[in-house]
Amino acid sequence: DAKYYWFSPAGLRVAEGNTGLIHMGVSDSAVVTLHVEIPSPCRPGLFPFTLKFFAGDRESGTIASSLFKPYQWTYVGPFAPDGGLAHVLPPEQGVNLLQSYPGPNGSARWRPVPESACDPRGGIALQSLADDNGVHYLYTIVACAYETQLQARLWSNAPATLFVNGRRVATVASANGDSAVARVQLDPDKNHILIKLIGDRDAKVSFALGDDDNLAADEF
């Protein structure tokens, strides 16, 4: 028998218990399913865990990984890049997901971002969303149980700006793969998250809200 110990600074728990036994048969391998319990409500984000194994008193292996709960994004673009990040375009004046906008390639409409565009750590690649250089927008809603302040982080390999509830809160001005951090105010109920990105199909961006070490601290 091999004994396992589950550790998670994010507060993830295992339904079978954070300590248990894995029974080995005559072969040298075994498959065991552990059911991870995630608090509800739970904000999107990256939540680490460690699984240690012991054979008797001897440590026999460690798995260190993370679970990621994604944000659900919508996308619209591209718009002409004239004016840069400072030039205000219609999505910054209020998002209406049923609205279409004139663009260099004809009418641009909001559409869901497919899973294929998202990596396991929350990054979004424009490669499957747009072929041309221009201004792109990503939009999501975060529902919060009560008014709170949290840290927001924006990373991008292209010029990008983060808006929270219509307020410009963080900007990445260069195309060097930089990040920007800001303290943001979240209102009760729905909060509108908008990312403006200027680049081509090689552009990537990621957004994180809150502390990844504690998913129970924020009620999303």
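How many bridges join strand β12 (residues 134–144) and strand β17 (residues 189–199), and in which sense do the two strands pair? They pair in the antiparallel sense over 11 bridges. The legends below describe a predicted model, in which local features need pLDDT of at least 70, side-chain atom pairs count only at pLDDT 80 or more, and totals for chains, interfaces and linings use all residues. Residues are numbered from 1 along each chain as its sequence is written, and side-chain values use heavy atoms, with hydrogens and water left out.

**View 1. The open sheet that contains β12 and β17.** Six strands form an open sheet in the order β10-β7-β12-β17-β14-β15, with antiparallel pairing. The edges are held by β10 (111–112) and β15 (167–172); each has a single partner strand, so one side of each is left without a neighbour in the sheet. Strands are DSSP runs (E, at least two residues) numbered from the N terminus, and two of them pair if DSSP finds at least two bridges between them. Strands of a sheet pair through backbone hydrogen bonds, either parallel or antiparallel. Tyr-139 has Leu-194 in β17 as its bridge partner.

**View 2. Aromatic pairs, with Trp-73 and Phe-207 in detail.** Nine aromatic pairs are found in a search of the whole structure. The ring centres of Trp-73 and Phe-207 lie 5.9 Å apart and the planes stand at 85°, so this pair is edge-to-face. It connects distant parts of the chain, with Trp-73 in the loop between β6 (58–69) and β7 (74–79) and Phe-207 in strand β18 (residues 204–209), 134 residues apart. Rings of Phe, Tyr and Trp (its six-membered ring) pair if their centres lie within 6.5 Å; planes under 30 degrees apart count as stacked, over 60 as edge-to-face and the rest as tilted. Trp-73 is buried, with a relative accessible area of 6%, and Phe-207 is buried with a value of 6%. Buried means under 20% relative accessible area, exposed over 50%, and partly exposed in between (1.4 Å probe, protein chains only). Elsewhere, ring pairs join Phe-79, Tyr-101, Trp-110, Tyr-137 and Tyr-139 into a cluster.

**View 3. The two salt bridges.** The structure has two salt bridges, each defined as a side-chain nitrogen of Lys or Arg within 4 Å of a carboxyl oxygen of Asp or Glu. In one, Lys-196 meets Glu-92, with the closest N and O atoms 2.8 Å apart. Lys-196 belongs to strand β17 and Glu-92 to the loop between β7 and β8 (100–103), so the pair ties together parts that are 104 residues apart in sequence. Both Lys-196 and Glu-92 are buried. A salt bridge also links the side chains of Glu-59 and Lys-52 (3.3 Å, N to O). Here Glu-59 is partly exposed at 40% relative accessibility, and Lys-52 is partly exposed at 25%.

View 4. One cavity of 30 Å³ or more is present, and the largest cavity holds about 40 Å³ of space. Its lining consists of Phe-68, Pro-70, Tyr-71, Trp-73, Cys-118, Gly-122 and Ile-124; by class these are six nonpolar, one polar and no charged. The second largest pocket has a volume of about 220 Å³, and its lining includes Phe-68, Pro-70, Tyr-71, Trp-73 and Cys-118. On a 1 Å grid over the protein atoms alone, a cavity is a set of points where a 1.4 Å probe fits but cannot get out, and a pocket is an open set with protein on both sides within 12 Å along at least five of seven lines; lining residues have an atom within 4 Å of a point. A volume is the space filled by probe spheres set on the points, which are joined across faces, edges and corners. Ala, Val, Leu, Ile, Met, Phe, Trp, Tyr, Cys and Pro count as nonpolar, Asp, Glu, Lys and Arg as charged, and the others, Gly among them, as polar.

**View 5. The largest pocket.** The volume of the largest pocket is about 270 Å³. Of its 16 lining residues, Leu-46, Arg-121, Arg-153, Ser-206 and Ala-208 are the closest to the centre. β5 (45–55) and β18 are the elements that give two or more residues to this lining, and β18 supplies the largest share, four residues. The lining has seven nonpolar, four polar and five charged residues.

**View 6. Backbone features.** The peptide bond from Gly-77 to Pro-78 is cis, with omega near -5°, and Pro-78 lies in strand β7. Asn-165, although not a glycine, has a positive phi of about 55°; this residue sits in the loop between β14 (160–164) and β15.
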